[in-house]
Amino acid sequence: MPLRPVRRRARQAGAARTVRASLLALAVATVTALAAAPPAAAADAWKEIGSDRAAPLTESQGLASVEVPAGSPNRYTGIGTIPLSLSLRGWNHVGDPDASYDGYYVEPYQSDSAGAKMYRVQAPGGAWSEYVHALRPGEALNNSWVAITPDSQWMLSGEWGTMTRFLVFPTPGANPATSPSADLPQASAVRLDHAVRDVQGCDFSGPTTLLCSSDDPEGTLFGVTKPLLQIDLSAPPGGGSDVTGHVTALRQLPLRSSCSGSFEAEGVDYDRRSGTLRVIVVSPGFCVLTDSKTYRLTRG
């Protein structure tokens with residue numbers, strides 16, 4: 001008889017251990033499942049579908065898909081695509097270009113000493129012209145990229161570094177208010193609700209949506225280095241009031257190479273005809289020559 005309470009306590013202790021073990025196993029299984037599950041936004045994420053080698057001299061800065069004339073090849077920029085005549089005049093860097101849906105192709109150039117930015121434009125008929133914008137107080141000389149609005153009338157342009165704005169200009173050539181013989185004026189700005197760092201390219205995927213590649217090496221702004229950004233504008237940009245832009249980091253850009261070290265995210269292009277997003281990522285070290293890539297992504 002005196003042994004029964006002891007057995008009862010032993011049985012209760014054993015049952016408690018069993019319950020704790022079961023709860024622990026359930027907790028571990030839950031954490032494992034959550035860790036393996038994609039985030040809630042993954043249904044609208046951009047997934048990689050392929051890649052092509054990016055030539056280091058001619059395909060290492062930017063790219064653009066061209067709709068007019070029909071059947072036009074994709075365009076690329078790099079140090080090897082800068083015409084000698086421009087280089088001799090000090091325009092020693094070309095950024096990420098863009099092309100309007102009606103056939104105007106624009107390349108952004110910068111100089112270390114000109115006190116201005118230059119936009120080299122090819123009209124639908126093939127003729128080239130140059131539009132110069134004199135720097136304003138507080139404006140960086142960097143001319144990293146351009147993005148032309150879907151109506152072709154306005155052009156966004158980006159500066160290097162940590163920024164909370166994009167500049168808005170009338171699209172040179174496409175907008176009738178522009179002339180190669182006059183200064184290209186800033187029309188307005190996009191005011192970002194979150195700072196961005198080292199944006200190397202942007203492209204419109206809709207009237208008020210931008211997709212941008214950031215070369216951010218630190219990862220402190222969004223918790224990830226080299227992010228693909230989406231910027232949702234409060235209205236189509238133009239020559240009136242500034243518009244705001246809501247910034248979201250979608251994912252880290254692909255970073256793969258046979259070499260270890262620092263990658264460089266470059267230009268980006270969205271082709272509305274296929275829904276394909278392309279972005280250039282330059283490999284570190286010697287591998288810049290061998291396995292730099294233009295990655296292709298699509299919504300998944």
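Predicted model: local features only at pLDDT ≥ 70, side-chain atom pairs only at ≥ 80, totals over all residues.
Residues are numbered from 1 along each chain as its sequence is written, and side-chain values use heavy atoms, without hydrogens or water. Local features need pLDDT of at least 70 and side-chain atom pairs pLDDT 80 or more, while totals for chains, interfaces and linings use all residues.

Start with the overall layout. The protein has two helices and 19 strands; these are DSSP runs numbered from the N terminus, helices being H or I of at least four residues and strands E of at least two. Of its 300 residues, 46% are buried, meaning under 20% relative accessible area with a 1.4 Å probe and protein chains only; over 50% is exposed, and in between is partly exposed. Contact means heavy atoms within 4.5 Å. Among contacts with a separation of 6 or more, 53% join residues 24 or more positions apart.

Now look inside. In soluble globular proteins, nonpolar side chains tend to be buried together. A nonpolar core is a set of buried Ala, Val, Leu, Ile, Met, Phe, Trp, Tyr and Cys residues joined through side-chain atoms within 4.5 Å. The largest one holds 19 residues, and L156, F166, V190, C202, L210 and I231 touch the most other members. Strands that each supply at least two residues of this core include β10 (154-158), β13 (199-206) and β15 (227-233). Leaving aside residues up to four places away in sequence, C202 touches W145, F166 and L210, among others. A second, separate core has 13 residues, including L211, Y270, Y295 and L297.

Next come the rings. The structure holds four aromatic pairs. Rings of Phe, Tyr and Trp (its six-membered ring) pair if their centres lie within 6.5 Å; planes under 30 degrees apart are stacked, over 60 edge-to-face, and the rest tilted. Y105 and W128 have ring centres 6.1 Å apart and planes at 80°, so they are edge-to-face. Y105 is in strand β6 and W128 in strand β8, so the pair ties together parts 23 residues apart in sequence. Y105 is buried at 2% relative accessibility, whereas W128 is partly exposed at 35%.

W145 and F166 also pair edge-to-face, with centres 4.9 Å apart and planes at 90°. This pair links strand β9 to strand β11, 21 residues apart. W145 is buried at 0%, and F166 is buried at 2%.

Charges meet rings too. R120 lies over the face of W128, 3.6 Å from the ring centre. A charge sits over a ring if NZ of Lys or CZ of Arg is within 6 Å of the ring centre and within 35 degrees of the ring normal. The charged end of R272 sits over the ring of Y101, 3.6 Å from its centre.
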